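Let's take a walk through this model together, starting with the whole chain and then moving in to a few of its parts. Keep the structure open as you read.

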Amino acid sequence: MKHYFMTILLMTTMLSGCFGDEGVFEEERGIPGGLALACLQDDKFQKMKIHFLYEDGYDPIAMDLVKTRLQEVCDKPKGVSILADEVDFAIDTIWSSDDVRDARWKHGDDAMDSQTLHWYFLFPAGTYTDDSVLGVAVDASTIAIFKDSVEAAENIIQRPSSEEIERAVSVHEAGHLLGLVNLVYESPIDHEDPDHPGHSNNDNSVMYWAIETNDVGNLITGNLPNTFDADDKSDLAGMADGTIECSNQIWP
Ligand SMILES: [Zn+2]
């Protein structure tokens with residue numbers, strides 16, 4: 001057993017030596033926004049599949065809404081489709097970003113095949129390491145929504161309700177995969193919240209920072225936004241038509 005372990009350790013060391021410091025994985029999986037143009041343009045991917053992987057009892061409720069919001073901004077002439085699969089993630093306590101990435105690449109396939117772009121939305125049991133976080137985007141094609149935390153974020157008067165919060169968080173994280181706000185480009189409009197980088201300063205945008213925190217019920221009362229605002233849409237349109245330059249794109 002000891003010998004076996006040593007061999008594995010040696011091989012791992014040799015492999016990481018070949019590739020340098022984890023560079024290969026990062027390049028393939030990218031950062032949130034790294035597949036923004038792959039969605040916004042149709043040059044390479046004419047089709048898109050949104051995969052929802054959920055633990056038993058954690059069924060996503062915003063699948064159609066996410067599809068609608070992506071169709072509103074992305075160029076997919078051969079369509080956007082939804083695939084939902086129940087998965088036993090084998091973790092139901094605390095999730096790190098690495099756990100989310102590992103689970104997605106274990107249970108899902110590549111983000112890019114010859115004609116189709118694949119994005120993955122995970123709905124595990126349990127919470128993020130910081131349990132005030134309701135959702136995370138962890139690489140160019142992967143997000144997770146923590147429904148246990150979404151339900152706990154509902155305030156006592158249930159306005160907004162946990163369903164509304166889940167819808168908003170789902171679209172919010174999809175927005176990060178589209179590069180919002182300023183993740184892989186620089187907006188000509190001053191609408192990024194300096195105190196919460198990567199987020200909108202408009203509380204009527206789904207990209208407002210508080211949407212993905214458990215304070216959402218206290219900070220936004222009444223109707224939660226689940227749409228991108230005019231500034232977000234202007235950024236996405238500029239990225240799509242090339243007037244806004246994008247960095248860190250992982251597709252050829
Ligand atoms: Zn966010």
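Of the chain's 252 residues, 43% count as buried, meaning that 20 or more other C-beta atoms lie within 10 Å of the residue's own; exposed means 12 or fewer, partly exposed is in between, and the C-beta atoms are placed from the backbone. Bear in mind that this is a predicted model: local features need pLDDT of at least 70, side-chain atom pairs count only at pLDDT 80 or more, and totals for chains, interfaces and linings use all residues. Residue numbers start from 1 along each chain as its sequence is written.

The chain has nine helices and seven strands (DSSP runs numbered from the N terminus, with H or I over at least four residues for helices and E over at least two for strands). Among contacts with a separation of 6 or more, 71% come from residues 24 or more positions apart; a contact here means C-beta atoms, placed from the backbone, within 7 Å.

Now find strand β1, residues 47-54. This strand runs parallel to strand β2 (residues 80-86), and seven bridges join the two; strands pair if DSSP finds at least two bridges between them. Ile50 has Ile82 in β2 as its bridge partner, and His51 stands opposite Leu83 in β2. β1 also pairs in the parallel sense with strand β4 (residues 116-123), over eight bridges. There, Lys49 has His118 in β4 as its bridge partner.

The angle is about 40° and the axes are 9 Å apart; axes are lines fitted to C-alpha atoms, for helices over the stretch in contact, and angles run from 0 to 180 degrees between N-to-C directions. On the α4 side, Leu65, Val66, Arg69 and Leu70 meet Arg167, Ser170, Val171 and Ala174 of α7. By class, this contact has five nonpolar, one polar and two charged residues.

Last stop: Glu28, in helix α2 (residues 23-29). Is Glu28 buried or partly exposed? Glu28 counts as partly exposed because 15 other C-beta atoms lie within 10 Å. Glu28 and Ala111 are 83 residues apart in sequence, yet 9.2 Å apart in space, C-alpha to C-alpha.

Technical notes: Contact = placed C-beta atoms within 7 Å. Nonpolar A, V, L, I, M, F, W, Y, C, P; charged D, E, K, R; others polar.
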